[in-house]
Amino acid sequence: MTERCVVSWIAVVLIFAGPLQATADDIDDQLQAIAICGPGGQGSAAAKQAAQELGNSGVEILPRLLEAMDTDNILAANWYRTIYEQITRRELKNKSPQFPLQSLRDYVQDAGHQGRSRRLVLGLLDRLDPKFRDRFIATQIADTEFRNDAIQALLKQGDEFQEAGKTESAAQAYETAFRAARESGLIQTTAAKLKAIGREVSIIDHMGLVIDWHVLGPFDAPGKSGFDTVFPPEETVDLQASYTGQNGREISWKRFRTTDKLGSVNLVTAIAPVEEAVGYAYTEILSPRDQDVQLRCGADDNLSVWVNGEKVFARRQWLNGTRLDRFTAPVHLKSGKNTVLVKICQGPQHKNPAVGNNWSMQLRFCDKEGASVGTRSVLPEFSEKNVE
């Protein structure tokens with residue numbers, strides 16, 4: 001065979017064999033080129049070239065591509081997702097697509113990977129292994145990413161038990177769902193299902209909401225001056241003291257326990273309907289241990305919080321409304337009694353007179369996932385007739 005014939009034969013073989021597979025080192029280099037791209041076009045040309053080359057690869061690179069997707073670099077993550085979609089879409093067009101199914105299942109089941117990537121792969125498995133999702137979700141009651149899916153599955157199971165007259169089995173499913181729930185909507189839904197079959201649970205205790213307070217106010221705070229003005233409770237909390245409040249009226253501490261299902265304290269009811277004023281709420285809680293927790297809070301208009309005399313949170317924000325868990329701050333609770341003081345400012349009337357001048361607050365202590373950390377009120381018990 002002549003040299004020219006040998007060259008032609010090699011060319012024909014390469015054409016029918018398809019593109020040469022990238023080596024492991026090539027793939028690593030390409031993934032790294034994407035990993036270091038950044039804002040302002042930093043590394044964008046190299047990332048684009050790497051993405052084009054990786055996009056022509058086969059499904060064998062999916063495990064390594066998915067590992068790379070565990071990144072906080074949004075630009076890189078978008079490139080990786082584009083490559084993933086190119087590869088999977090092309091393979092799915094084959095009559096008998098060949099995917100590394102066990103690697104994909106392992107990836108979804110590993111809570112160490114980012115949730116958005118795990119959901120992306122779960123969507124692919126829905127096409128490749130339709131029975132996997134139900135088996136997987138049923139085991140994810142403690143998984144941050146898939147917890148709500150597992151709770152929804154439990155609620156559906158509980159409903160089916162209830163329809164079949166299996167009340168005890170339904171109760172067990174609902175109770176498991178309630179204990180696992182961290183999102184307020186699911187907590188309320190699950191509690192309602194339990195109540196409907198005669199099982200009472202405490203949303204307040206489950207979420208660590210603080211509902212039992214001493215309240216004081218209103219102090220006069222013209223305009224929006226209240227946030228920066230230091231009133232007596234910030235220096236010393238004396239529950240027996242009286243002060244001169246807004247319009248020269250004498251004010252003193254009084255007890256208030258909110259009955260709101262999510263612990264919101266309506267200060268218009270608890271103190272007074274006012275404008276341009278400041279109010280305070282004080283309580284004492286018992287912690288079962290020394291622990292680092294999350295303070296989650298919100299207020300209309302704004303609030304500052306002291307725990308054991310230390311200011312742990314303050315946010316100057318007006319006309320913002322009270323929303324559950326709007327703000328979060330790290331707090332250390334000591335074993336035993338802890339004091340909590342909250343300052344809530346009320347600004348001027350909204351420029352639109354039709355907008356109500358709401359005044360409220362909400363506060364709870366929980367872990368980073370939103371579950372109770374075992375705190376409880378240690379203010380003296382009182383009868384309902386003494387509740388404001």
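## Sheet and strand pairing

In this predicted model, 4 strands form an open sheet in the order β5-β12-β7-β10, with antiparallel pairing. Strands here are DSSP E runs of at least two residues, helices are H or I runs of at least four, and both are numbered from the N terminus. Two strands pair if DSSP finds at least two bridges between them. β5 (265-266) and β10 (327-333) stand at the edges with a single partner strand each, so one side of each has no neighbour in the sheet.

β7 (residues 291-300) pairs with β10 over 7 bridges, in the antiparallel sense. Val-293 stands opposite Val-331 of β10.

## The β8-β9 hairpin

β8 (residues 302-307) and β9 (residues 310-315) are also an antiparallel pair, with 5 bridges. Leu-303 faces Arg-315 in β9 across this pairing. The two strands form a hairpin with 2 residues between them. Asn-308, in the turn, has a positive phi of about 55°.

## Helices α5 and α7

The axes of α5 (residues 74-92) and α7 (residues 115-128) come within 12 Å and cross at roughly 5°. Axes are lines fitted to C-alpha atoms, for helices over the stretch in contact; angles run from 0 to 180 degrees between N-to-C directions. α5 and α7 are therefore roughly parallel to each other. That term covers angles under 35 degrees; over 145 counts as roughly antiparallel, 65 to 115 as roughly perpendicular, and the rest as oblique.

From α5, the contact uses Ile-74, Ala-77, Arg-81, Tyr-84, Thr-88 and Leu-92. They meet Arg-116, Leu-120, Val-121, Leu-124, Arg-127 and Leu-128 of α7. Contact means heavy atoms within 4.5 Å. By class, the α5-α7 contact has 8 nonpolar, 1 polar and 3 charged residues. Ala, Val, Leu, Ile, Met, Phe, Trp, Tyr, Cys and Pro count as nonpolar, Asp, Glu, Lys and Arg as charged, and the others, Gly among them, as polar.

## The second largest pocket

The second largest pocket holds about 300 Å³ of space. A pocket is an open set of points on a 1 Å grid over the protein atoms alone, where a 1.4 Å probe fits, with protein on both sides within 12 Å along at least five of seven lines; lining residues have an atom within 4 Å of a point. Its volume is the space filled by probe spheres set on the points, which are joined across faces, edges and corners.

α8 (132-137) and α9 (147-163) each supply at least two lining residues. The largest share, 6 residues, comes from α9. Among the lining residues are Arg-133, Asp-134, Asp-149, Lys-156, Gln-157 and Thr-176. By class, the lining has 6 nonpolar, 2 polar and 4 charged residues.

## Backbone details

A cis peptide bond joins Gly-217 and Pro-218, with omega about 5°. Pro-218 is found in β1 (residues 212-220). Another cis bond joins Asp-300 and Asp-301, with omega about 15°. Asp-301 lies in the loop between β7 and β8.

Glu-276 is not a glycine, yet has a positive phi of about 50°. Glu-276 sits in the loop between α13 (267-270) and β6 (277-287).

## Basis

Residues are numbered from 1 along each chain as its sequence is written, and side-chain values use heavy atoms, leaving out hydrogens and water. Local features need pLDDT of at least 70 and side-chain atom pairs count only at pLDDT 80 or more, while totals for chains, interfaces and linings use all residues.
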